[in-house]
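Have a look at the model first.

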Amino acid sequence: MPFQHPETIGYGHVVESYVTRTYGGLPRYLVLNGGRFLSPRWWHTTRFTRHLLNDAAAITDEELEALLGYEWRSRLTAAWLIGVDRRERFREHIGDLLLASEVCYSGSAYCFALARFGTHADAGILATYLDRYLPRTDLHYDQPTALGALLRLDAHLDTHHADRFTEPDGLWDEWVKGVGRLGYASSTPAELRRWTDLHCDFANGWTRT
């Protein structure tokens, strides 16, 4: 998918307004990516969360599209805003970006948005991603985050999409072994589900729905 600076389509304000706004000296995208807002000892959590909620409700679809068409920081932030506000009309676009895996870091935000939407269609997108990328034992992309999101959806939908990935000596175990040889540490599926739950429960506690 082509990259386009928002300035070229008349939305030059969106990066400064939504992506690089700072909290405790850190830009929003970095706070979102690192999960600092989950720490009760971070002094800026209340202000950060209030602004995130307000922006998720106020940003227009056109502004979100402008962010999704740019680089990883903008895509990550846009996906978070989409997930917080549960704008399910972006499901297909988010799914396409996840499957394309063009840039770093933003994939975790796509998985968050799909987990927040919480439907069978979202589980299908995550399963398709895992079918495509778990066999790639040479790539450490967003496989862990996707599995955590799918496990959460299975629990909420009473489905078993993740079972075929997590069975002993299945795709997940083989992927863990492969990336382990490249020096990457891996968490258990239960730990990945817990991380997704932390993010989604955080959003559930602050949003209107």
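Keep in mind that this is a predicted model. It holds two cavities of 30 Å³ or more, and its largest pocket has a volume of about 490 Å³. On the aromatic side, there are 11 aromatic pairs.

**The largest cavity**

- About 50 Å³ of space sits inside the largest cavity.
- Its lining is made up of Arg75, Leu97, Leu98, Ser101, Glu102, Val103, Ser106, Gly107, Tyr110 and Asp142.
- Two helices, H6 (91-100) and H7 (106-117), each bring at least two residues to the lining of the largest cavity.
- H7 has the largest share of that lining, with three residues.

**The largest pocket**

- For the pocket of about 490 Å³, the lining counts 26 residues, and the closest to its centre are Tyr105, Ser108, Ala109, Asp142 and Thr145.
- Which helices each supply at least two residues of the lining of the largest pocket? They are H2 (28-34), H7, H9 (143-157) and H12 (189-206).
- H7 gives the most here, with five residues.
- The pocket lining divides into 14 nonpolar, 10 polar and two charged residues.
- Asp142 turns up in both places: it's in the lining of the largest cavity and among the residues closest to the centre of the largest pocket.

**Aromatic rings**

- Among the 11 aromatic pairs is the one formed by Trp42 and Phe48, an edge-to-face pair with 5.8 Å centre to centre and 65° between the planes.
- Both partners are tucked away: Trp42 is buried, with a relative accessible area of 11%, and Phe48 is buried too, at 0% relative accessibility.
- Trp72 and Tyr105 have ring centres 4.8 Å apart and planes at 50°, so their pair counts as tilted.
- Trp72 belongs to helix H5 (residues 72-85) and Tyr105 to the loop between H6 and H7, so this pair ties together parts that are 33 residues apart in sequence.
- Buried or partly exposed: what is Trp72, and what is Tyr105? Trp72 is buried, at 14% relative accessibility, whereas Tyr105 is partly exposed, at 45%.
- One aromatic cluster brings together Tyr23, Phe37, Trp42, Phe48, Trp80, Phe112 and Phe202, so the edge-to-face partners Trp42 and Phe48 are both members of that cluster.

Key: Residues numbered from 1 in each chain as written. Predicted model: local features only at pLDDT ≥ 70, side-chain atom pairs only at ≥ 80, totals over all residues. Heavy atoms only, no water. 1 Å grid on protein atoms, 1.4 Å probe; cavity = no way out; pocket = protein on both sides within 12 Å on 5 of 7 lines; lining within 4 Å. Points joined across faces, edges and corners; volume = space filled by probe spheres on them. Helix = DSSP H or I, 4+ residues; strand = E, 2+ residues; numbered from the N terminus. Nonpolar A, V, L, I, M, F, W, Y, C, P; charged D, E, K, R; others polar. Phe/Tyr/Trp six-rings, centres within 6.5 Å; stacked < 30°, edge-to-face > 60°. Buried < 20%, exposed > 50% of the residue type's maximum accessible area, 1.4 Å probe, protein only.
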